[in-house]
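This briefing concerns the model shown below.

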Amino acid sequence: MKSNQVEWQHELEESAHGVDLFRPPGAQLQIENAHDQAVASGWIPEGEEVDSPPSSRLSRAQILRIELRDSMEELEDVCARAAAAQGWLASLESSMNRLHRALGRHIAEVESPTGLLVEIAEVTPRLAADIARIRNEHAELVRSTNRVFKGLERGAEANVTLLRATVLTLLGDLALHRQHGSDLVYDAYNMDIAAGD
């Protein structure tokens, strides 16, 4: 076999197995065509499914999802400590700032014109209502975060019981939001985005 034929065959086999780091428009169709050719040539047994690689948008969303989860865990840990302990309020504020940054990056990424929600809308238009719910949850999570910061502004005068309740409500809402995001990604890509958590 000539060298260029071997290279072409190797590329076709990689495409058939979904090895493609960059997904230009029409890439999924190319992968499906390559898969069909590979089955016809006997490289892949007929009926064997090959998963497509995750998109770069999905990969970025996974990274930010983990960052958000880590900031949630830190905030919950701080919130559960004794409020009378020295530095508790400062620790709570620091953890809230970390969560606020992580949430902001998450929202900016998935809602951007090149973000995951746009990709899902293009790939699976039937999920438009679920996408709208995710966007609405983002807005509510920002409002909830602002409520916590308003409580923190009171400093030593803050009502600790109310502040904790507000933080725990935020954490519960964030947990539900992450579940809704997992469901949306699974419905769109048949992939569990939470598997890396």
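Just after α6, G155 adopts a positive phi of about 60°. The model is predicted, with pLDDT of at least 70 needed for local features and 80 or more for side-chain atom pairs, while totals for chains, interfaces and linings use all residues. Residues are numbered from 1 along each chain as its sequence is written, and side-chain values use heavy atoms, with hydrogens and water left out.

**Helix α6**
- Helices (H or I, at least four residues) and strands (E, at least two) are DSSP runs, numbered from the N terminus.
- The 26 residues of α6 should span 38 Å at 1.5 Å a residue, and the end C-alpha atoms are 38 Å apart, which agrees; the expected span is 1.5 Å times one less than the number of residues.
- Buried residues of α6 include I131, E137, H138, F149 and L152, where buried means under 20% relative accessible area, exposed over 50% and partly exposed in between (1.4 Å probe, protein chains only).
- The buried residues of α6 pack against α4, α5 and α7.

**Cavity**
- The whole structure holds 1 cavity of 30 Å³ or more, a cavity being a set of points on a 1 Å grid over the protein atoms alone where a 1.4 Å probe fits but cannot get out.
- Two or more lining residues come from each of α3 (56-79), α4 (88-111), α5 (116-123), α6 (128-153) and α7 (160-189), and α7 gives the largest share, 5 residues.
- By class, 10 lining residues are nonpolar, 4 polar and 2 charged (nonpolar: Ala, Val, Leu, Ile, Met, Phe, Trp, Tyr, Cys and Pro; charged: Asp, Glu, Lys and Arg; polar: the others, Gly among them).

**Residue Q62**
- Q62 is found in helix α3 and counts as buried because its relative accessibility is 18%.
- Beyond its neighbours within four places in sequence, Q62 is in contact with M191 and I193, contact meaning heavy atoms within 4.5 Å.

**Whole chain**
- The protein chain has 7 helices and 0 strands.
- Of its 197 residues, 36% are buried.
- Among contacts with a separation of 6 or more, 71% join residues 24 or more positions apart.
- The chain exposes about 11500 Å², of which carbon and sulfur atoms supply 53% (Shrake-Rupley method, 1.4 Å probe; for residues, only the protein chains shown count as cover).

Technical notes:
On a 1 Å grid over the protein atoms alone, a cavity is a set of points where a 1.4 Å probe fits but cannot get out, and a pocket is an open set with protein on both sides within 12 Å along at least five of seven lines; lining residues have an atom within 4 Å of a point. Grid points are joined across faces, edges and corners, and a volume is the space filled by probe spheres set on the points.
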